[in-house]
Structure formats: C-alpha cells, structure tokens
Amino acid sequence: MEVEILRSGDELEETKPFRVETLLWGTKKIPETFGYLGYVPGEGFYLKMVCVEKDPLRTYIADQDPVYQDSAMEAFLQFESAREREDSPIYMNFEVNANGALLAGYGTSRIYRSYFSKEDLEEIGCRAAIEDDRWNFTLKIPQRILESVYGPIHLEEGSKFRCNFYKICETASNEHYASYSPVLSEIPSFHLPEFFASAKLVKREQ
C-alpha cells in the first residue's frame with residue numbers, strides 16, 4: 001500500500017482510495033467501503049473512511065463505547081518504536097460508528113490495551129457525517145500522539161509501517177466482517193497484526 005505525503009489535509013481525497021473488500025468468517029456481502037490515508041510531515045496522518053450504507057446501525061454515542069457492535073469502520077496502524085521493549089510491537093486501533101463515537105487505544109494485543117485520554121480524543125477530532133445513501137468519518141492522528149505512543153518517530157519518503165482497515169458489525173441481525181488485507185485466521189479477530197498490510201510513504205504526484 002502506498003500512502004502519499006501531503007502538503008495539507010485538504011489534499012486527502014485527491015489520493016487513491018483503498019478498499020475494504022476481503023469478506024471474512026462466513027460474511028457473504030458488505031456495503032461498499034473505502035477510504036483515504038495521507039501523511040502531512042510534522043502534523044500527522046489524516047484518515048477518511050466511507051461506507052455506502054443507508055441508515056447504518058448506530059446505538060452508541062460516547063467515545064470508548066463498543067462501537068464494533070454497531071455498523072463500524074476501523075483503522076489499525078503499527079509503527080516501529082524507539083522505545084520498544086516487547087516482543088510484539090504496539091499497534092493503534094481507531095473504531096468509529098456513524099454517530100462519530102470513537103473507540104481508540106494502543107497495545108500489543110487485543111487484551112490489556114491502553115486507551116487514549118479525553119484530551120487525546122479531542123486532538124484526534126473524529127467526526128462522522130450521514131448522507132442519504134452513505135456515511136463517513138474523518139480523523140487525524142497527530143504527530144504528538146504518535147510520539148507519545150512510540151517515542152521519537154521520523155517519517156519521510158520511503159518510510160514503512162503496517163496497517164489494516166475493517167468493516168464490522170457484531171450485532172447478530174447485521175453481523176458482518178471484512179478487511180483491506182486478508183486476515184488468515186479461523187478465529188474472528190481484527191487484532192492480529194501479523195496480517196496487517198505493509199505501507200510505504202511516497203511523494204504525491206503533481
């Protein structure tokens with residue numbers, strides 16, 4: 001996956017979208033789901049995800065609620081850490097429903113995760129919007145927050161990291177699972193960084 005280096009977040013939707021199309025664990029169909037990811041040096045990553053889904057299930061309204069039980073889109077990202085001491089590198093999760101409720105944290109596995117503070121969430125600035133036949137969310141992963149998790153991190157053209165993106169609903173009446181990069185596990189879980197895709201920062205073509 002190539003992630004473009006942007007001059008500002010305003011260029012995000014001019015980049016090539018990624019698509020969440022790998023159906024998982026018996027899922028037969030999902031709403032069309034795609035997104036955009038870009039990096040502004042010194043600022044951080046900008047993310048927008050879009051789901052072509054009318055009247056999405058949206059129960060939860062508070063940040064750090066279990067939004068994966070609603071119709072949700074998710075982004076997981078993993079960077080190399082200057083302070084890494086564990087055998088398993090830290091990865092971050094950002095999970096959002098159509099109300100804009102954000103479940104976000106970091107850690108080395110599905111359990112014992114640390115969650116971002118209220119101040120961090122305000123800086124991430126997650127926003128959702130519902131249109132007639134689709135919904136979307138936007139957020140920013142600021143450089144400051146990256147470095148609070150990973151220590152000093154230098155990102156430039158050619159820098160690599162790992163990521164995956166998901167569409168999910170765990171509620172039985174609308175249960176479905178899909179990913180950008182295939183998750184080759186019989187046990188349903190998105191918290192498997194060994195199946196994240198490799199991503200590289202590239203210059204934006206003018």
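**Figure 1. Helices and strands of the predicted chain.** The chain holds 2 helices and 14 strands. Helices (H or I, at least four residues) and strands (E, at least two) are DSSP runs, numbered from the N terminus. The radius of gyration is 16 Å, close to the 17 Å of the globule rule for 206 residues, so the chain is as compact as a globular protein of that length. The radius is taken over C-alpha atoms; the rule is 2.2 Å times the number of residues to the power 0.38. Along the principal axes, the C-alpha atoms fill a box of roughly 45 × 40 × 35 Å. This is a predicted model: local features need pLDDT of at least 70, side-chain atom pairs count only at pLDDT 80 or more, and totals for chains, interfaces and linings use all residues. Residues are numbered from 1 along each chain as its sequence is written, and side-chain values use heavy atoms, without hydrogens and water.

Figure 2. Strand β13 spans residues 176-179. H176 and A178 lie on one side, Y177 and S179 on the other. All four are buried (under 20% relative accessible area; exposed is over 50%, partly exposed in between; 1.4 Å probe, protein chains only). In a regular strand, side chains alternate between the two faces of the sheet.

**Figure 3. Partners of strand β13.** Strands pair if DSSP finds at least two bridges between them. β3 (residues 22-23) pairs with β13 in the antiparallel sense over 2 bridges. β12 (residues 160-169) pairs with β13, also antiparallel, over 4 bridges. A hairpin of 6 residues joins β12 to β13.

Figure 4. T22 stands opposite S179 of β13. Y166 stands opposite S179 as well.
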